[in-house]
Amino acid sequence: MQEHDMSWVRTEMVLAQPAPAGVTGMGAWVRKNLIGSVSDTIMTIIGIALVALIVPQVINWAFINAQWTGPDRTVCLTAAQAQGGIQPDGWSGACWAFVNAKFGQILFGTYPTEERWRPILVGILLFVLLVPMLMPKVPRKGLNAVLLLIVLPIVSFFLLSGGAFGLPHVETPRWGGLLITLSLSFVAIVVSLPLGIVLALGRRSNMPIVKMLCVIFIEAVRGVPLITVLFMASVMLPLFLPAGVTFDKYLRALIGVSLFSAAYMAEVVRGGLQAIPKGQYEGADSLGLGYWQKMYFVVMPQALKLVIPGIVNTFIGMFKDSSLVSIISMFDLLGIVKQNFSDPNWATPVTAKSGLVFAAFIFWLFCFGMSRYSMYTERRLDTGHKR
Amino acid sequence: MASQEVIREEPSRGSFINDPKVRSLVFQTVVVVLLVGGVWWIVNNVIDNLTRLHIASGFGFLRGRAGFDISDSAIAYTSDSTYGRAIIVGIINTLIVAAVGIVTASIIGFFVGIGRLSRNWLIQKICTVYVEIFRNIPPLLVIFFWYSGVLAVLPTPKESIHLPFGSLLNQRGIYFPRAVWGDGSWLIFVAFLVGIAMAWFVARMARQRQMATGQQFPVLWTSVALIVGLPLLAYALSGFPLSLDFPKQSTFNLTGGFVVKPEFLSLYLALSFYTAAFIAEIVRAGIRGVARGQSEASEALGLRSGQALRLVVVPQAMRIVIPPLASQYLNLTKNSSLAIAIGYPDLTATAGTVLNQTGQAIECVLIMMTVYLSISLLTSLFMNWFNAKMALVER
């Protein structure tokens, strides 16, 4: 048919060549990612300038110039600022000595020193139960959850509050610092998730009165700032109760924070419920499952899995919001740090900044940890929903 | 047919306890009874407590003399004004700080969000660090940081830091030169309004012409010229009526100028920086949410990258961005209630002071909640309308 003039045919493969020098290695990476174009180069220069301006200053302030230990404020003062100041003129650095001196308070508030083993024990218990809960490979999740979410709060209550089993009673006004921040947000988390699920189900219910009540509650709470809810819990709740019945201030804050986050949680869960295809509900119905069986076995496992990022975001928000109780004069982590600014023994220009940076670091550790864990879980549970 | 009739005649499959209708009716009755009972109990307790504490209920107290001063007030207010007026001052302050905070947070958030998608490695990392720091710190802490950490340790008024344009910075805030409007300056405002109206009109005409003929018109530059040029022209015509009152140093304090107090400044900066981190994430998600095919298709149509961004990507990204953005704006407004912690007289702070002075806890908390709730509901109504307008028009 057609004549081919194949004078030469290659019989062996050409050996692979190394990539041209221009597209690999450090230089190419810099060319591609930092100085790709004129505008890119300008941005890079601005970025370098920004980093050069900020980072050395921060490192200098937080580490090199910082005062780590000391008995009182003189270690963080220059001679010009007050008598006895030991720092040279123009010195500015973190006063970690302040944080160091107040560390016990930052953790426990004014919890009696000889009883501090109790919050420490609770912390250890929390750690021991929480870590296996978070590791997907560890078995017996059901038992673990019961211990963590039901047994631990009860045990912690008796341990922290005392008054039983021969433990002296410690009133909640003496609690403070990280102890309040953690206990408040832990209880709020434990309470708000089930409450939020119930509210979300109520909002999607067929019963008009239940639905209306849930909608009103959710929208009203989401429409106002937490601080007004806390105000309500601290000044209005006593009026709602019969004369003579008083509520612990801590408990009132706890109720406020829990109800507030339950409303947000409800909206997150509702998003998950809406994303479940109708066929799932109908399938469960056709299998003869009752309402709660349908929710427990079919709908919720799928819906909650979808909204894990939203739930964790609500947890993070709640953890951050727990700092607002300092406004209704409870001394959480932020409140106790702020209260100590007024200690004349430590009054220096850098005290406030150091204390706040330290508090910010602790908050940041917890929140960042939670968000990273949520990202990890999201990836792990991502079972084929991604297109 | 016959068998179907039989089935229809006997709908009940068992006892009446299992009938979902009956069940729901019973359940709802129980809920209503519990609710009414609870409310009745609470109301009784409240009446009891109020008579015991000799507090008159009702909003009559709003007409009483306030007797406290408010440091920042946009409307005339003295300690002789009424409680009602004090609360209105608070509402206005809340709206002011929310408005400026929203604008600043949007600008920072937009740039940081774009920066996180930048191909430039360094810019991307800087923006990521910014977002990860501010997202994970309580806003109250950021407010305290600015207030007690940064602004409180600035020098005294005597040793004020000099900023550009004759502004001064010290412990008591930033002192800007104040604009003093002379006679005839109303002309400038009129010109400004006319400029905006004409720009809007030009944009409309240009659009119609483009629809009809396909010819384009440089709308942006014309608008800028109109909105900036007309007031400038009016300024020149009315004989330069604007002068500046610079802050001057006297023995103990500064006089003259326009003062931005540290309370406002720290609240404003903190809310802006904090919310910007969230807005950045929203902007990033919005831009990444537009399918890659869209920008490829606009390239294939021959649009330049700026045009593709403006005409194809951004309008679609807006649809993803707007609902969460609206909720962030609401969050910022609600977070402005943290002003109470540093004593900026916003709604929560003034209503809180009124509460402490009068003991009218229920009324004051109700006022606070109603105002915030109305702001939220109005915003969400507006956003729903806007969202419906922007929504994808499908067949």
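**View 1. Two domains of chain A.** The C-alpha centres of domain 1 of chain A and domain 2 of chain A are 24 Å apart. The model is a predicted one. According to the domain assignment, domain 1 of chain A covers residues 112-169 and domain 2 covers residues 186-330.

**View 2. The overall build of chain A.** Chain A has 15 helices and zero strands. Its radius of gyration is 29 Å, well over the 21 Å that the globule rule gives for 387 residues, so chain A is more spread out than a compact globule. Along the principal axes, the C-alpha atoms of chain A fill a box of roughly 110 × 80 × 40 Å. Of its 387 residues, 32% count as buried. Among contacts in chain A with a separation of 6 or more, 70% are made by residues 24 or more positions apart.

**View 3. Two residues of chain A with positive phi.** Most residues other than glycine have a negative phi. Arg140(A) is not a glycine, yet its phi is positive, at about 60°. Arg140(A) sits in the loop between α5 (117-134) and α6 (141-161) of chain A. With 9 other C-beta atoms within 10 Å, Arg140(A) is exposed. Ser329(A) is not a glycine either, and has a positive phi of about 50°. The loop that holds Ser329(A) lies between α13 (308-321) and α14 (333-339) of chain A. Ser329(A) has 11 other C-beta atoms within 10 Å and is exposed; the cut-off for an exposed residue is 12 or fewer.

View 4. Asn33(A) is part of helix α1 (residues 25-33) of chain A. Asn33(A) counts as partly exposed, because 17 other C-beta atoms lie within 10 Å, and this class falls between the 12 or fewer of an exposed residue and the 20 or more of a buried one. Leaving aside residues up to four places away in sequence, Asn33(A) touches Arg119(B), Asn120(B) and Trp121(B). Thr44(A) is 11 residues from Asn33(A) along the chain, and their C-alpha atoms are separated by 9.3 Å.

**View 5. The side of chain B that touches chain A.** Between the two chains, 47 residues of chain B are in contact with 47 residues of chain A. On the chain B side, at least two residues each come from α2 (20-53), α4 (121-135), α5 (139-151), α10 (305-335), α11 (347-358) and α12 (361-390). Helix α2(B) gives the most, with 11 residues. Sorted by class, this side of chain B has 30 nonpolar, 12 polar and five charged residues.

**View 6. Two domains of chain B.** The domain assignment of chain B gives domain 1 as residues 2-53 and domain 2 as two segments, 83-157 and 263-390. Taken over C-alpha atoms, the centres of these domains are separated by 43 Å.

**View 7. The open sheet of chain B.** Four strands of chain B form an open sheet in the order β1-β2-β3-β8, with antiparallel pairing. Strands β1 (161-162) and β8 (258-260) stand at the edges with a single partner strand each, so one side of each has no neighbour in the sheet. Strands of a sheet pair through backbone hydrogen bonds.

**View 8. Strand β3(B) and its partners.** Strand β2 (residues 168-170) of chain B runs antiparallel to β3(B), and three bridges join them. The two strands are linked by a hairpin through two residues. Leu168(B) stands opposite Tyr175(B) in β3(B). Tyr175(B) also has a bridge partner in β8(B), namely Val259(B). Strand β3 (residues 173-176) pairs with β8(B) over three bridges, again in the antiparallel sense. Phe176(B) faces Phe258(B) of β8(B) across this pairing.

**View 9. Helix α6 of chain B.** Helix α6 (residues 186-213) of chain B has 28 residues, which at 1.5 Å a residue should span 40 Å; the end C-alpha atoms are 40 Å apart, and so agree with this. Ile188(B), Ala191(B) and Gly195(B) are buried in α6(B). The buried residues of α6(B) pack against α7 (219-237) of chain B.

Methods. Residues numbered from 1 in each chain as written. Chains lettered and ligands numbered in written order. Predicted model: local features only at pLDDT ≥ 70, side-chain atom pairs only at ≥ 80, totals over all residues. Pairing = 2+ DSSP bridges. Expected span 1.5 Å × (residues − 1). Contact = placed C-beta atoms within 7 Å. Nonpolar A, V, L, I, M, F, W, Y, C, P; charged D, E, K, R; others polar. Domains from an automatic or database assignment. Rg over C-alpha atoms; globule rule 2.2 N^0.38 Å.
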